[in-house]
Amino acid sequence: MQAHLEEAEQVIPQLLKAQLRKSRKLDLYSWNRNLLIKLVMTFLAIDSIGPNETKLKKAKLPRIKKENNVLLLKKSNFDRALKETKYLLVEFYVSLPQASQNLSEEFAEAARQLKKEAPRIQFGKIDVTDQHDLRKEFNIQEFPTVKFFVDGSREDPIDCKGVRQASAFITWVKRRTGPSTVLINSTDQAEAMINADNLAVIGFFKELRNNSMEVFCETAKDVPEMPFGMTSREDVCANYGIQKNTLVVFKKGKPVHNEVFEDDRQNKLDLTRLIKTFTLDLVTEYNLETSVKIFDVPVENHILLFIPTNSKTFNATYENYKSAAMEFRGKITFVLVNTNETRNGRVFEYFRIRDIDVPAVRILNLTSNAKYKMPADEVTLENLRHFCQSYLDGKAKIHLSSEEITEDWDKMPVKVLVGKNFNRIVFNKTMTVFVMFYAPWSHDCRKLLLIWDELGEKYQNRKDIIIAKIDVTANDILSVVLDRYPFFRLFPAGADYQEVAYAGEHTLAAFSEFLEEQIKTKAETGEKDPSGGSKEDLSQKETVITEKEEL
C-alpha cells in the first residue's frame with residue numbers, strides 16, 4: 001500500500017498542472033468533475049498492480065528443485081507444478097519406511113530414463129509427513145502411494161497401483177499418454193511379442209472397433225508388467241486357432257489362458273484381476289519376497305493352506321490345492337504357508353494357527369479382514385471346491401477366535417476382555433470404557449501394561465469407569481478397526497455407540513487427562529440417543545463362532 005501512495009504522489013501533481021492549463025476553457029464544475037474521474041481512475045490502476053508484479057516481469061520464478069530428476073513438491077509449489085506440467089506422476093511417501101525408500105529408487109530411475117525421451121512427462125514426490133493438507137486432499141492412506149495428474153487438474157487423479165519397478169512405471173505412463181497396445185499385422189510380429197517376455201497378452205478381434213476391444217485397451221493401461229498386442233488379421237487369428245473375439249495370455253511362449261469376449265460381459269476390473277494373477281504362480285508360497293507380489297494382485301479374496309512341506313501327505317494335498325486353484329483363478333488367490341518356516345510366525349499368529357491344527361485352510365477377505373475356516377478337516381479337491389464356492393456365494397460363516405472368559409476377569413483393577421465378552425462390556429449405557437489393545441510378545445506393549453495397571457488402580461473405585469485390556473493376537477474383534485498395537489480406544493457411556501481413538505503420549509498423566517476430558521465433554525453435551533439404544537443392541541451381539549458350532 002505504501003508503494004501505491006508514493007506512486008500516486010508523483011502522478012497526481014502532474015494531473016493537476018495539466019488540468020489547470022485547461023481550466024480556462026472549462027467551467028469550474030467540469031474541471032472538478034474531470035479531475036475527480038481521472039484521479040479515481042489513476043488510483044484504481046495503481047491499486048490493481050501487485051507490489052511484486054513489476055519484479056516478476058523482470059525475473060522469472062526459480063525452477064522447482066529436483067532430486068535425481070524428480071521434482072521436490074510441497075503445498076507451496078504443488079499447484080504451480082501442475083500448471084507447468086502436461087503429465088505429472090507423483091509419489092506420496094513418508095521418509096522412514098523401507099517400502100517407500102525402495103520404490104523411490106525405482107521411481108527416480110524411471111524419471112531418469114524418460115527425461116529425454118518424453119520431457120512432457122514429469123515425476124514428482126511429496127513427503128507427506130508434514131504436508132497434512134495434501135495428504136488429506138488426496139486421501140493418502142498407504143505409503144507409498146502414486147497418483148497421475150493430467151492437464152494441470154488436481155481433480156480425480158489416476159491411481160497408479162501395484163507398480164514397483166522402473167520399467168513398469170515407464171510402461172504405465174506411456175500407456176496413459178499414448179497407445180496402450182501394439183497393433184499386430186503379421187504372425188511373425190505376434191511370435192516376436194510372445195517370445196520376447198515371460199508373459200504376453202494378445203487380443204484377437206474380428207474388427208478393431210467394438211466394445212470388447214475398448215475394454216481390452218483400457219485393461220492394458222493397468223497391467224504394465226507385460227506387453228499387450230491386438231490384431232484383426234484373419235491369417236494371424238487362424239494361426240492360433242482363434243474364431244471369436246478372444247484374449248489369450250501367453251507364458252513362456254505358450255498359451256495358458258483363453259478368455260472369450262461374449263455379449264460384453266467382461267469388464268476392465270475382472271480382466272485386470274484375471275491377467276495379473278499370471279504374474280504369480282498358480283499356488284504361491286508365502287515368503288518375504290512373494291508377500292509384496294501377492295498383495296499387488298487386485299484380488300481381495302485369499303485362501304491359505306498351512307502345512308509343513310516335508311510332511312508325508314504334502315504332495316497329495318498340494319495337488320488337490322493346485323487343482324482347486326485352477327478352477328478359481330481370478331476370483332481367489334491361492335497361497336501356501338510352510339509351517340516349518342519360523343519366519344512365517346506372524347502369519348500363524350494372525351490366523352491363530354497352532355501345530356495341532358495343520359493342515360489347515362483359511363480364507364481372508366482383504367477388504368473386511370474377515371476370516372473363514374474350512375469346516376472339513378481333510379484337504380480334498382471336493383472340500384476345497386465346496387468351501388471356495390460357498391464363500392463366493394456368501395454362505396460361508398465368519399470365523400472369530402476368542403479366548404475363554406476367565407473366572408477372575410473382573411477382579412483386578414484392569415479388566416481382562418476377550419472376544420466373547422468384548423461387546424457386552426464395552427457397549428453399555430452407564431460405563432465409560434477405556435481399552436488397551438495389545439500383543440503379549442511386543443516389548444512396547446509389555447512396558448505399557450505396567451502404566452496401564454497404574455491407570456486401573458487410579459480409577460478402580462470409580463463406578464462409571466472401566467479400564468480394560470484385550471490381547472488382539474488371540475481375539476478377533478470386528479466392531480473395532482485394528483491399528484498398530486499397542487493402540488487405545490475409549491468408548492463413552494451413553495446409549496449411542498461411540499469410539500474415540502487415543503493419539504496422545506503413553507504416560508499415566510496423559511491417559512488420565514484424556515479420560516477426564518472425554519467424560520467432561522460427554523457430560524456437557526448431554527447427548528440423548530435418537531435411535532433408542534443402539535449401544536445396548538450391540539452389547540447383545542455375540543457372534544463368535546466356536547469350534548463346536550462349526551462341527
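How many salt bridges does a search of the whole structure find?

1. In this predicted model, a search that covers the whole structure finds 28 salt bridges. The points below take up some of them, together with the exposure of the residues involved.

2. One of the salt bridges links Asp270 with Arg273, and the closest N and O atoms of this pair are 3.8 Å apart. Both residues belong to helix H11, which covers residues 268-276, and they are placed three residues apart, about one turn of the helix.

3. Asp357 and Arg354 form another salt bridge, in which the closest N and O atoms are 3.1 Å apart. The relative accessibility of Asp357 is 21%, so this residue counts as partly exposed, given that buried would require a value under 20%.

4. In a further salt bridge, the side chains of Asp410 and Lys411 meet at 3.3 Å, taken from N to O. Asp410 counts as partly exposed, because its relative accessibility is 33%, whereas Lys411 has a relative accessible area of 58% and is therefore exposed, a class that begins over 50%.

5. Salt bridges can also share partners, and in this way Asp79, Lys83, Glu137 and Arg154 are joined into one network.

Technical notes. Residues are numbered from 1 along each chain as its sequence is written. This is a predicted model: local features need pLDDT of at least 70, side-chain atom pairs count only at pLDDT 80 or more; totals for chains, interfaces and linings use all residues. Side-chain values use heavy atoms; hydrogens and water are left out. A salt bridge is a side-chain nitrogen of Lys or Arg within 4 Å of a carboxyl oxygen of Asp or Glu. Helices (H or I, at least four residues) and strands (E, at least two) are DSSP runs, numbered from the N terminus. Buried means under 20% relative accessible area, exposed over 50%, partly exposed in between (1.4 Å probe, protein chains only).
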